[in-house]
Amino acid sequence: MGMTDVLIVGAGPTGLVLACDLARRGVAVRIVDRSPAPPRTSRAKGPNPRSLEILDDLGVAEEVLAAGSAPPPMLKYRDRRPVAEADPWADSAPSPDARYGRGWLIAQWRLEEILRDRLAGYGVRVEPGREVVGLAQGRGEGDGGHVDVTYADGPAGRARYVVGCDGAHSSVRKLLGFTFEGTTAEDQVMVCGDVDLAEGVLDRTRWHQWFDEDGAVMLCPIPGTRTGWWFQAGPERDGRGRPLAPTADGFRRLLAHHTALPGRALTRAELLSTYRVNVRMADRFRAGRVLLAGDAAHVHAIAGGLGMNTGIQDAFNLGWKLGLVLAGHADAELLDTYEEERLPVAARTLDLTSERLRATLEAIRRPGGGLDAAITPDTTGLGVGYRWSSLAAGGRAPEAEQPGPRAGDRAPDAPCADAATGAGTRLHRVFAGPRTTILGFGPGSAAVLREAADAYGGDAGVRVCRVYAAHEDRAGAEPGAVVDDAGHAAAAYGTGASGGTGAGTVVVVRPDHHVGVLAPADDARSVREYLRRLHGTGRSADRSSGMVDAVR
């Protein structure tokens, strides 16, 4: 039986992002899904700003932006009449430290298509109709351990690691016996689907929301279609008040009841589903060589649109860690930091989305209230960090009043210029691709950058980047160096104060764009210890010992 490095179970956005990230690292990856064909679901409406940064790192952001659209302003109605309009994204604009000011609308199936195409470029294809029914972890002679995988039909498989990205009803989670604690609000129900409306009956530049005392209908135009809309509504109910299953005719009745449109304006309805507010979380995200990500690990209220986004961000946290462990650079203990970092984020997301749902339900009781109540700066994903993590311990912590990120925070972006060519670039471009990046600010950082490049440069997955201030002499700049021509990088990282006089600052940025170490440039030890933890001892541990002592 052939061994694969990582078997991913579930080919939604979480599984596909993880597969792309692993495949580009040269990891042998398989991705299976129980559906016989790619599922077309009508759920997630698109990536938030943080997920767009991840998709950019994977090389698909431009395609996603082209296939989708900016979220439109929301037009709210009461008793069939428009009563208010709101654009919760009106003040959201790109900034030097964050290229994407707002999320983006794209049909989930279209996003999955783009990710499947990217994955196929690495020679990996989703294997449909493969349902996992058994997992057994074992130790073999000389292979250090593996998981034997049984499928409902077809030959068994074997993998060094298995990741369950198989949704709220995850088979992987159930096979592990993890609890999925939480609540299902049977009374908080919504029916959803993709519908076609007759052309011209409704303005496609708006997200229409009818909130009445006896129910609601919401219609959002689906990008890339001429007549397609996302339909969400309070369900029809039977004589005893129990919600009825969604049907095309039911959607027509709801449309006629709440809006000024005739039911026949709805010409097609598919992907019908019932959504119940489910707030649940696995008690852990890992058992040995099996891990959970996305909805398999946590589900929460739909408010704020964080479900798919949290899964994509789980995958981006896990991918590089699996990659470094499989390459033999890092100890398997590095995988413990996945749960350590992402479980608290999931717990906080459960609270945040429940609070946004409460605020939304409160808002829509008044005429003019709407889904904009769910949109807050928290829902961008840009503020999520891991200051509590054991991977954020390196370096001397900056004083509380100092500007700039701390260890664990998302590493800010900043526009800058290539030192050799003068061409415009930005720090997230420098970070892109599956490597750890070391930024050096100030002349004093040169020695640490040189040491790291000697020990870990080339194929070892570490790149160094000297960030020159506009006034600094760049003669002899190393390839890959950038010029902080407008000072945005110094401002973002809080290094401006030292100017050309201080020792300078060194920032180690993890492959998932989070700060690992932020230290004065004379603190080579913190950088060295951190790199050793992620990347092993490197090529030149023996050669550089003289310099190590000198720096100490």
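These legends go with several close-up views of a predicted model. Local features need pLDDT of at least 70 and side-chain atom pairs count only at pLDDT 80 or more, while totals for chains, interfaces and linings use all residues. Residues are numbered from 1 along each chain as its sequence is written, and side-chain values use heavy atoms, with hydrogens and water left out.

**View 1. Helix α2 crosses helix α7.** Here you can follow α2 (residues 49-57) and α7 (residues 307-326), whose axes come within 9 Å and cross at roughly 45°. Helices (H or I, at least four residues) and strands (E, at least two) are DSSP runs, numbered from the N terminus. Axes are lines fitted to C-alpha atoms, for helices over the stretch in contact, and angles run from 0 to 180 degrees between N-to-C directions. That angle makes α2 oblique to α7; under 35 degrees counts as roughly parallel, over 145 as roughly antiparallel, 65 to 115 as roughly perpendicular and the rest as oblique.

**View 2. The residues where α2 meets α7.** From α2 come Arg-50, Ser-51, Ile-54 and Asp-57, and they meet Asn-309, Ile-312, Gln-313 and Phe-316 of α7. Contact means heavy atoms within 4.5 Å. The residues of this contact divide into three nonpolar, three polar and two charged. In this scheme Ala, Val, Leu, Ile, Met, Phe, Trp, Tyr, Cys and Pro are nonpolar, Asp, Glu, Lys and Arg are charged, and the others, Gly among them, are polar.

**View 3. An open sheet of seven strands.** Look for the order β18-β17-β21-β20-β19-β22-β23, with mixed pairing. β18 (424-426) and β23 (515-520) stand at the edges with a single partner strand each, so one side of each is left without a neighbour in the sheet. From one strand to the next, the twist averages 30°. Two strands pair if DSSP finds at least two bridges between them.

**View 4. Strand β20 and its partners.** β20 (residues 462-469) pairs with β21 (residues 482-484) in the parallel sense over three bridges. Tyr-468 has Val-483 in β21 as its bridge partner, and Val-467 has Val-482 in β21. β19 and β20 also pair in the parallel sense, over six bridges, and Leu-439 stands opposite Cys-465 in β20. Six of the eight residues of β20 are buried, meaning under 20% relative accessible area, with exposed over 50% and partly exposed in between (1.4 Å probe, protein chains only).
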